[in-house]
Amino acid sequence: MFLKRLLKNKIGLIGVIVIGLNIAVALAAPLLATHDPLTINLEAQAVPPSAQHWFGTDEYGRDIYSRVIYGSRISLYICLLSVVLATVGGVATGAAAGYFGGLVDNVIMRCMDALMSFPAILLAIAILAALGPNLYNVIIALGVVYVPRFARIVRSSVLSLKEKEFVEASRAMGNGNIYIIFRHILPNCTAPLIVQATASLAYAILAESSLGFLGLGAPPPAPSWGNILSDARNFMMENPMMTVFPGVAITLAVLGFNLLGDALRDVLDPRLK
Amino acid sequence: MLKYILKRIIYLIPTIGMVAVMVFLLIHMIPGDPALVMLGNDATPQDVEALRDALGLNQPLYQQFFLWVGRVLTGDFGVSIHSKVPVLTSIADRFPVTLSLTTLALVFSLIVSIPSGVLAAVKHNTKSDYMFMLGTILGVSVPGFWLGLLCLLVFSVQLGWFPSTGFVAIWENFWEGLRYLLLPAVTLGLFMAAVVARMVRSSMLEVLRLEYVTHARAKGLSEWKVINKHALKNAFAPALTTIGIQYGMLLGGAVITETVFSLPGLGKYLVVAINMRDYPVVQGCILFIALVYVLINLVVDLLYGFFDPRIEYK
Amino acid sequence: MSAIRSKMKMRGVAICLVAALVLLGAGSLWAAPQPKAGGEIKVRLNTDITSVDPLASPAMVNAVVLNHVFEPLLAYTTNLKIVPVVAQSWEASKDYKTYTFHLIKGKKFHNGAELTSEDVKFSVERMMNPKTCARAKLFTGVAKVEAVDKYTVRILMKKSSPGFPNSLAYVAPVMAIMCKAEVEKQGGQITHPVGTGPFKFMEWKPDRHVILEKFAGYKGQSGARDGMGGERVAYLDKVTFLPISEESVAVMALVNKEVDLVHSFPQKYMKKYKSDYSKQGMVVQEVAGLVWVGAHFGVTRPVVDNLKFRQACAYALSIKSMAKAAFMGYATINPSAIATANQYYTPYFKEWYAPDMAKAKQLLKESGYKGQEVVVDTTKKYSYMYRMAVAVHAQLKALGVNAKLNVIDWPVLLKKHLKGQSQIHTFGAAPMPDPALAYAYLKRNKFMEVYPEAEKLRQEAMATADFKVRQKIFEKIHKICIEQVPWVISCNYNYLNAFRDYVHGYQVLSTGMPRLWGVWLSK
């Protein structure tokens, strides 16, 4: 029903197709790539695009086309896991804050305020500066950065729901707090959560590429799009095309999630139209 | 009114305290040793240990924290391990660059977003509205730093219209300074322009549906007047929050933009300090940017009341 | 085991010849043009300077700038001989316990004050103080500095120290003679450096520029320019240093004439230089540098503590392909710690293993290696170390070693390097004009503990100043390195300096330090 409405929405359909293609590329990377993305070929350092190397090679002689293809794996992996982390963290803290109120609420929400007191990318930079650049630290950093957004959504839903009759009734029946939260409250805030998650996916891809560009992302030689761009930058004058391709890949991936996010908002939350 | 402002400021204190704790703790989890980096690659372990002692890095963490907070409160952000220059002096040197960059980016994005957002709302569901939506969604999808690299390649290298390096401050020589800032500001402001434009469009759409606008139209006021006087002011309030949040994002984005365009601002300083493991500088920069961000949000909150008559100062 | 000879062409010599030809050619082309005074040169710095206090930091970039503002007592020539700069002449006592310096009379600081022995005494004492000098440990052997008369200074050593002049000629930081009154006036925190150099400091705007101007009252040595020695004539009115950390931006700026000189031109742009830039008024000079790069073994760590294993590696690792990977061929093959430009260098230092996979595999088998993991540590901070590690890793894999490439942060790598905690890591060692100090690197990977004979030899070299004796000792140490394989040194990388064709009189030095006196512009 919901899916049908989403697919009827033209924007959503385009978004789903773009994301689907992206996922397909990530899954089929070994089939699509013409070279190993990590193999260094010092005989073919920095060659321009050719029949053998479609996007050219970088300063280590690695095939850029193959790296961009494999890059979709890393970028999707990082952004999916970090958004999952943010959602789980946000739901847990937001639900606890809203449900228990009082001191718990105060402490949690002050922490969230503090997290929100940093521009998102700056907080991620700070966390990575501390933990050191590595694939899982990037996921943790981006996850932590987006926790407050989810926490706020969940908390406000919980606040509006917890005094409702059906919740009171469930409590009267002797059901525990955890049960009530999972059974009655969370299912009622999935719509805004899904919208927020989709938007966060788009941000996460952008943030991941920015971090990689600054040298704070997944450590080299991992072919993340940010890393490829960072390498390309030192090579801009020699092979300008090296800069173009990873950027296009990032834009397409982000575009897909943004289109889907817009469509979801229209479908799930008509008020925001 | 004054009471309200005071209350808001007091409300900020615990948040700022948490920010300070976070900034302090984050930096101390950094792997690697600043003393080593400082001494260069032919230092002996004894030298390194001596320097760690001299820098106080061997004291217990909580002692370092309270010392640090005490000094920060008196405006002493510490001294760069690397250059021995007081961090606040360096921040004062560089923040004007970042401020001029973000302000120019803000001006650019408002000039682009408000008129186009209003226009799209007025021409709701027409071809130009669709083009607008397409433009904005591209705007939020293109990584700004990548666009910056492409601009550098095209406008600086190929066409030679803009300088590729160096810096002239906009407050020293406005037109020359603008040449150095224009590309960075546009690429930095693009994301914000797209977000604000969509926000303006949707809040305009909401307001245009409201009764008093219809009423104003019925009174025979010109469309321009209706939009300008009634709709825009009311639509602006929700957009303001977005602008506030986005301005903070600009401060974050400036870190990357300054790195792309080699601008001598706070962001580039921060990135270099991270690579050097210069503890006091990283702490100082992040704390400073966070404080500026908190302050901007405070101002936006207060302004929100000014633009939205529904909010009363309690 | 006898040393294995491998034929390697002496690229250093070839380069010198080419450079000489280029200079000759340039000379005849412009019919020996007369130097023209005036103008401004814009020079790229790899990063911003960290301080204007010459002693505060060992960062190379600070020395690049401050070397033009300040002058040391002594300095290196092109072949790393030591000559006086601020001193007119100097002598050591027979027992190398007393050094006497006779200063140039009438030499002026930028503030007009005359340089006297009091300034020198003050400056050397500043070098000895760990609070004011980043390399104070170079001066721990000094007992006392005496100002004998207005133009004579005597430095008394605690014990015989034949190597001490190297400390005064140190490259980075430049062991600057500073104006005592001026330093005291600025309260110890130097904000406006005042030296005796041919250029005076005008302004430092962090991350933006450092500006120097010609010092009209300069008085110094006579005689031809040779390394940091000889005359220092400033033709340029103004020198502007611009910090540009990104290589591609630096190249871009040079192409657009936004800078005139890039003193560390990236190797990866050489292809483009040969095809395009050389036709667009850009000139690149190349010279073998002093930084020696290779793979170090932590000789007390598991697996690599086995001599046969290390010898197997020495046969398996081609130092040529290591150099090619790291520097795209812009390096001078040299398996020793003594740079080809060093006066101590002899053909013996070319001796090393010729790659031989069969022998390598045989030795690996004999070593009893059972497929344990061997970690090759490296960092991305210096991309050449990373690229060399990639080549090492690949060749070890080919040998059949279960090697793992481990990219870590520079500070972490440095820590492991200093403590000998890495099984194998790639490293570029700082320029060491005195080979006795260069071989001190073998203390770090604990080789000197495992093989004390080498340390004994090194100490012997430290205790004498006799050139021939020292040269023989260093050859012995190199022989030990061949037999014991504490490291596989690959090369000295070459400095590539690029500038516009209207820049004249510029010459690349093996220390990598740009030298802007004697340089003039024809535009």
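The following paragraphs lead through a predicted model chain by chain and then through the contacts between its chains.

Residues are numbered from 1 along each chain as its sequence is written, and chains are lettered from A and ligands numbered from 1 in the order in which they are written.

Chain B contains 12 helices and 0 strands; here helices (H or I, at least four residues) and strands (E, at least two) are DSSP runs, numbered from the N terminus. Its pattern along the sequence is accordingly α-α-α-α-α-α-α-α-α-α-α-α. Of its 314 residues, 46% are buried, where a residue is buried if 20 or more other C-beta atoms lie within 10 Å of its own, exposed if 12 or fewer, and partly exposed in between, with C-beta atoms placed from the backbone. Among the contacts in chain B with a separation of 6 or more, 72% join residues 24 or more positions apart; two residues are in contact if their C-beta atoms, placed from the backbone, lie within 7 Å.

Chain B touches both chain A and chain C. The contact with chain A takes 37 residues from chain B and 36 residues from chain A. On the chain B side, at least two residues each come from helix 1 (2-27), helix 7, helix 10 (223-261), helix 11 and helix 12 (279-307). Helix 10 of chain B gives the most, with 8 residues. What is the class make-up of the side of chain B that touches chain A? It divides into 31 nonpolar, 6 polar and no charged residues; Ala, Val, Leu, Ile, Met, Phe, Trp, Tyr, Cys and Pro count as nonpolar, Asp, Glu, Lys and Arg as charged, and the others, Gly among them, as polar.

In the contact with chain C, 29 residues of chain B meet 24 residues of chain C. Two or more residues each are given by helix 2 (34-39), helix 3 (45-55), helix 5 (87-122), helix 7 (144-158) and helix 11 (266-276) of chain B. The largest share, 3 residues, comes from helix 5 of chain B. This side of chain B holds 9 nonpolar, 12 polar and 8 charged residues.

A:E43 lies in the loop between helix 3 (29-32) and helix 4 (64-100) of chain A. A:E43 counts as exposed because it has 8 C-beta neighbours inside 10 Å. Its C-alpha atom is separated by 57 Å from that of A:M109, which is 66 residues away along the chain.

Chain C has 17 helices and 19 strands. Its radius of gyration, taken over C-alpha atoms, is 24 Å, which agrees with the value near 24 Å for a compact globule of 523 residues; the globule rule is 2.2 Å times the number of residues to the power 0.38. The C-alpha trace of chain C spans about 70 × 60 × 40 Å along its principal axes, and 55% of its 523 residues are buried.

An automatic or database domain assignment divides chain C into domain 1 (40-245 + 502-521) and domain 2 (290-494). Their C-alpha centres lie 33 Å apart. The contact takes 12 residues from domain 1 and 13 residues from domain 2, and the side of domain 1 that touches domain 2 has 5 nonpolar, 6 polar and 1 charged.

An open sheet of chain C has 4 strands in the order 4-5-7-6, with antiparallel pairing; two strands pair if DSSP finds at least two bridges between them. Strand 4 (87-92) and strand 6 (142-149) stand at the edges, each with a single partner strand, so one side of each is left without a neighbour in the sheet. Strand 4 is joined to strand 5 (residues 98-103) by 5 bridges, and C:A92 has C:Y99 in strand 5 as its bridge partner. Helix 3 (residues 117-128) of chain C packs on the sheet, touching strand 5, strand 6 and strand 7 (152-157). The direction of this helix makes about 170° with that of strand 6; axes are lines fitted to C-alpha atoms, for helices over the stretch in contact, and angles run from 0 to 180 degrees between N-to-C directions.

Elsewhere in chain C, helix 8 (residues 307-316) is mostly covered, with 8 of its 10 residues buried. Among them are C:F309, C:R310 and C:Y315. The covering elements include strand 12 (282-297), helix 10 (357-366), helix 11 (383-399) and strand 17 (487-500) of chain C.

Methods: This is a predicted model: local features need pLDDT of at least 70, side-chain atom pairs count only at pLDDT 80 or more; totals for chains, interfaces and linings use all residues.
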